[in-house]
Amino acid sequence: MEFEFLLNEVLQKISLEKKEGFYIFSDGEKTYEADIQQISPHQISVLIDDVSFRIYTARDKDCRYFLIDGQQFVIKEPTEQVEGFREGEEKTSEGTLLVKAPMPGKVIKICVSVKDEVRKNQTLAIVEAMKMENEIKASVDSMIKEIHVKAGDLVDSETPLIELEPL
Amino acid sequence: MFKKILVANRGEIAVRIIKACQEMGICTVAVFSDVDRLSLHVQIADEAIGIGPPPAVESYLNMDRIIQTARKTGADAIHPGYGFLAENAAFARRCEKEKIVFIGPNSDALELVGDKVRSRQTLEKADIPIIPGMKGIVKDTSAIRAEAQKIGYPVMIKASAGGGGKGMRVVFDEKELTPALEAGMREAKSAFGDESVYLEKYIQEPRHVEFQVLADNHGNVIHLFERECSIQRRHQKIVEETPSQALDSGLRTRMGETARKVMQVSGYNNAGTVEFLLDKDKNFYFLEVNARLQVEHPVTELTTGIDLVHQQIKIAAGEMLSFGQEDMEQKGHAIECRIYAEDPHNNFLPSSGKILYFKEPHGPGVRHDCGIYSGWDVPIFYDPILAKLIVWAENREVACERMIKALDDYVILGVQTSIRFLRDLIGHPQFHKGNTTTSFIPDHFADWTGEKDSEEKRRLALLVAAFDSLTGPTSGKGLKTAKKEIYSPWLSLGKWRLGGK
């Protein structure tokens, strides 16, 4: 069967077939014959060419997390991708850019005003989370169209902060 | 002995202290902010009282509220842990006034060691080595030249108004002084509008070495040897160990005696730590006193066999130390790694969210001081430390191997953590050789990316994701045949996120 997943926001196409107790995996480049056993809801054992892998797994909504040899992979269902924009930004239907909070936190300072022209990498706002200040920067030269939050506001990740009109 | 202790803290350290109290047969009161209602320390304490909204100033730093809670619950002592109110002299004084024992130093000593200028003066009089430097600001270059001669090269030029490296210059001999001075003054002028600079001895390849001290209320002061905490990122310690590879027994004795003297001169009691900088020629200089139990205290406990929290409580209750300096012995080697909720692949930004799955490492010589559990939400309001992993072994080599194995066995899914970074750090050949200085991370890990994209592991992740889709509770997810749904008209609206609002 064919599958499509997003791994690190990159679309991956693979196939997995069950055959006589084994699974045949292929990503177009490599093919593995694997014995896969679910040990518990959070643990999977995989044997490939007599090499054993212990994989931990957890799920949150439509995100699946896998820990393989100390490295965490986050796999999501595929979505349509808009290229050229940074994580945490969204292109609106009018062609402006909506800059969003990268994580839940508190707005410490808004460094710009409406109608300001900003350069790429200029700091737009400072958001504090876990006692650390994080600068939110402009990804392109642009004009500030709208500011949706003020200093002191608590924001969730994905909360729109500032709307930019690219120059 | 106390009947009931209020623990004015949260997270792993609150858990650590509550357990110590329970071992001693003392009842415990946990306090919590609204967002910590389900935190581990709340669940394990005998009583737990809400003290206000999530921001620390309105809860964990709210002295009135904490004193009131101690009164209401009949607690006869307060343990402040580290951070929050731990080194707050006003709070210690307030406790003294309210006749509640503050488990920490007396308020006068706390005030003295917290005042950089006054403590420096006091300690200089007692011949404690302090980083040599100019006391005043001079604008005249010939006076600066004379001063440089006196301090001894290399010297560091620092801007009086400054910080952030602006106006800083290192000068290795007299020939370089004049041009460096001019450049430093120019830079200071343009950065701060003030050209005044001063000189300080430049410490080459510094190591951060600190000594644990215990002082009872009867004048007995002993040290429990050193901890080396040179491995720091943005001035934050992340790995600590004892013994230090840089000390031999003669230097250890001299530094330990100096640490005792610092505490005696300061009129200090209870547990505290004296921090030193050690240069490559083994000169050591006093930095500051940490007037509290420290995050890295477990490495001392594992190598000396002494429980520092038990000792803190006994000292605060007026007991005499039951051992002397000559009874102290360092055995084996201990290393601690701080486990933070932060994303090493994304500039170490704090990572909050739900811990979906958590499995701690076990085994001989492995200790895990922990404030988390599976299903717990990591809040955004506090320091992102989740837990501390500490190992002990008969020597450093085995301790390193044991730490690597324990980090490999450590599972946290849901939030990003520093575990993988720490594993690479402990496995680094220079760490192995004990070449640890405060610039270790900028020197060796400035461009660290980890094995971000090992092809084999990526394939494995996709393989198990597909397996999960075939067999798991949400089978069918990610199946290409189910893509009709995914290409719904909704998606043409723009970037679309799963689970978004």
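User: In which sense do β9(B) and strand β12 of chain B pair, and over how many bridges?

Analyst: This is a predicted model, where local features need pLDDT of at least 70, side-chain atom pairs count only at pLDDT 80 or more, and totals for chains, interfaces and linings use all residues. Residues are numbered from 1 along each chain as its sequence is written, while chains are lettered from A and ligands numbered from 1 in the order in which they are written. Strands (E, at least two residues) and helices (H or I, at least four) are DSSP runs, numbered from the N terminus. Two strands pair if DSSP finds at least two bridges between them. Here β9(B) and β12(B), residues 270-278, pair in the antiparallel sense over nine bridges, with Phe211(B) opposite Val274(B).

User: How many bridges join β9(B) to strand β10 of chain B?

Analyst: Six, and the two strands run antiparallel. Leu214(B) has Ile222(B) in β10(B) as its bridge partner. The hairpin of β9(B) and β10(B) has five residues between the strands, and Gly219(B) takes a positive phi near 90 degrees there.

User: Why is strand β9 of chain B largely enclosed by the rest of the structure?

Analyst: A residue is buried if 20 or more other C-beta atoms, placed from the backbone, lie within 10 Å of its own, exposed if 12 or fewer, and partly exposed in between. Nine of the nine residues of β9(B), residues 207-215, are buried, so the strand is largely enclosed. Arg207(B), Val209(B), Phe211(B), Val213(B) and Ala215(B) point one way, and His208(B), Glu210(B), Gln212(B) and Leu214(B) the other.
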